[in-house]
Amino acid sequence: SLAEANDTSWPYANETKEQRNQRMDWWRDARFGMFIHWGVYSVPAGIYKGHKVKGIGEWIMNRGKIPVAEYKEYAEGFNPVNYDPDKWVMLAKNAGIKYIVITSKHHDGFALYNSKVTDWDVVDATPYGKDLLKPLAEACKKHGIKLGFYYSQAQDWCHKGGAVMRVPAKAGWDNPDHEKIDKFTAEHSGHWDPAQLGSMDEYIKNIAAPQVREILTNYGDIAVLWWDTPVDMNKERADMLQPLISLQPGIITNNRLGGGYPGDLKTPEQHIPAKGLDYDWEACMTMNDTWGFKSYDHNWKSAKNLIRNLVDIASKGGNYLLNVGPTSKGEIPQESVERLKEIGKWMSVNSRSIYETTASPFAKLSWGRCTKKTYINGADLYLHIFDWPEDGKLILPGLKNKVQQAYLLENMKKLKAASVSDGVMVELPSEPLNEIDTVAVLKVKGEL
Ligand code: JFZ
């Protein structure tokens, strides 16, 4: 049975390279996913007792040192009456997104579905009272978008034993000690919130494992399980959870389970590696300064910035998992909607330069990025021009291959390409075609 995992609980530990490629190919071709951080934290939305709590919105319980009972009261305000999963999935699909990963349960332990092992979930603890994951799964299936679940296996501030980041018991902001209470004080004066104290092993066995089984059993095909933050995890605890992924044949998991397991993906967070990694990887990033919704201090990135992130990541052989943080009413912030529509416009012309591409053959390009598609006897190079050369001459350093064809992707306008001493030079129109990066295509012969 699943519980009798052998000495390594990762079901794919012995798969061949071909089997792994077969399992990963859809994900590698997709290049672009949507992350959704949604939960009770969207009710305070960064503000606790009138104070702006610093940091990412979904961490407000920890950063605001809010005692468990007080935090749980926010569930009364979680009533996503405007939730429209079909609209969310179409917003993602029209942006060129191929898969969605949603927080089924984040560190606060609140489940966005009807869990049988706790009442701290959307069905039992909120006025909304309905499962949020089921309609999303149905919408994803209907529109051909793959669905994944984020699951916080190691931090769970509202269930006993999962709280590696504990909250002082008497922290409440109106407590004169609030500012003074810190880890040392709390530990030495018994201040930790008793609701959090308990055995991590018991938590993994009685909450995390049954919940991972629930989310991998009750929602149809699940393509990704996104473990998060292996704090205080070890192999024993990981082996109580990891065998459960066999409930979804072919499922992809990341490197954040713990216990020394690499999973299938490295997960650089809020940054893009300087160069490609030697393993499948996915950069998870926000459009502003928070994963979970906050009502202020957003510092929104521009659509152009987000598109360039997608291009930069694809040029290094990675995937972009771009986050939205819906409100407690079930709405994706308008600023996110606008950006996703802008990205969709760019993708409607240029998606061929992202999907099914692999990393650039060039170490560095001063004017932009390159993605590539390799064929039996040649390749298509997609030249993403961030900085238009003054003289209209684009140099591909060191390229020796014969150029069969060169054209602009968006209007198929033919371009001249010639071999020069240090590579190939492509002659561009004098001015860029549009505000957001033009893509030139170079069909070349031979090995790259
Ligand atoms: C984790 C969560 O704590 C956070 O709330 C959000 O869900 C994010 C996607 O994942 O944050 C992390 C996890 C790992 C690192 C940094 C932030 N890390 O390894 O540097």
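User: Which side chains does the polar contact of 2.6 Å join?

Analyst: Those of Glu282 and Tyr99. A polar contact is a pair of N or O atoms within 3.5 Å; within protein, one must be able to donate a hydrogen and the other to accept it, and residues adjacent in sequence count only if both atoms are side-chain atoms. This is a predicted model, where local features need pLDDT of at least 70 and side-chain atom pairs count only at pLDDT 80 or more, while totals for chains, interfaces and linings use all residues. Residues are numbered from 1 along each chain as its sequence is written, and side-chain values use heavy atoms, with hydrogens and water left out.

User: What polar contact joins the side chains of Glu282 and Trp226?

Analyst: One of 2.8 Å.

User: Is Glu282 buried or exposed?

Analyst: Glu282 is buried, because its relative accessible area is 1%. Buried means under 20%, exposed over 50%, and partly exposed in between, using a 1.4 Å probe and protein chains only.

User: Where is the place of Glu282?

Analyst: In strand E8, residues 282-285. Helices (H or I, at least four residues) and strands (E, at least two) are DSSP runs, numbered from the N terminus.

User: What is Glu282 in contact with, neighbours within four places aside?

Analyst: Trp27, Tyr99, Trp226, Leu265, Lys266, Thr267, Pro268, Asn319 and Leu321. Contact means heavy atoms within 4.5 Å. As for Phe32, it is 250 residues from Glu282 in sequence, with the two C-alpha atoms 9.1 Å apart.

User: Changing topic. Which residues surround the ligand?

Analyst: Phe35, His37, Glu58, Trp59, His106, His107, Tyr150, Asp228, Thr229, Arg256, Glu269 and Trp291. A residue is near a molecule or strand if one of its heavy atoms lies within 4 Å of it.

User: How many of that shell are charged?

Analyst: There are 4 charged residues, along with 4 nonpolar and 4 polar. Ala, Val, Leu, Ile, Met, Phe, Trp, Tyr, Cys and Pro count as nonpolar, Asp, Glu, Lys and Arg as charged, and the others, Gly among them, as polar.

User: What lies 2.6 Å from an oxygen atom of the ligand?

Analyst: A polar side-chain atom of Glu58. For His107, a polar side-chain atom is 2.8 Å from a ligand oxygen. Asp228 has a side-chain N or O atom 3.1 Å from an oxygen of the ligand. The protein buries 69% of the 450 Å² that the ligand exposes when taken alone. Accessible areas come from the Shrake-Rupley method with a 1.4 Å probe; for residues, only the protein chains shown count as cover.

User: Where does Gln153 lie?

Analyst: In the loop between strand E5 (146-151) and helix H7 (183-188). Gln153 is buried, with a relative accessible area of 0%. A polar atom of the Gln153 side chain is 2.9 Å from the backbone oxygen of Arg256, and one is 2.9 Å from the backbone oxygen of Leu257. Among the residues in contact with Gln153 are Asp228, Thr229 and Arg256, which also surround the ligand.

User: And helix H11, how far apart are its end C-alpha atoms?

Analyst: They are 24 Å apart, which agrees with the 24 Å that its 17 residues (334-350) should span at 1.5 Å a residue. The expected span of a helix is 1.5 Å times one less than its number of residues.

User: What covers the buried residues of H11?

Analyst: The cover includes strand E1 (32-36), helix H4 (85-94) and helix H10 (303-315). Among the buried residues are Trp346 and Met347.
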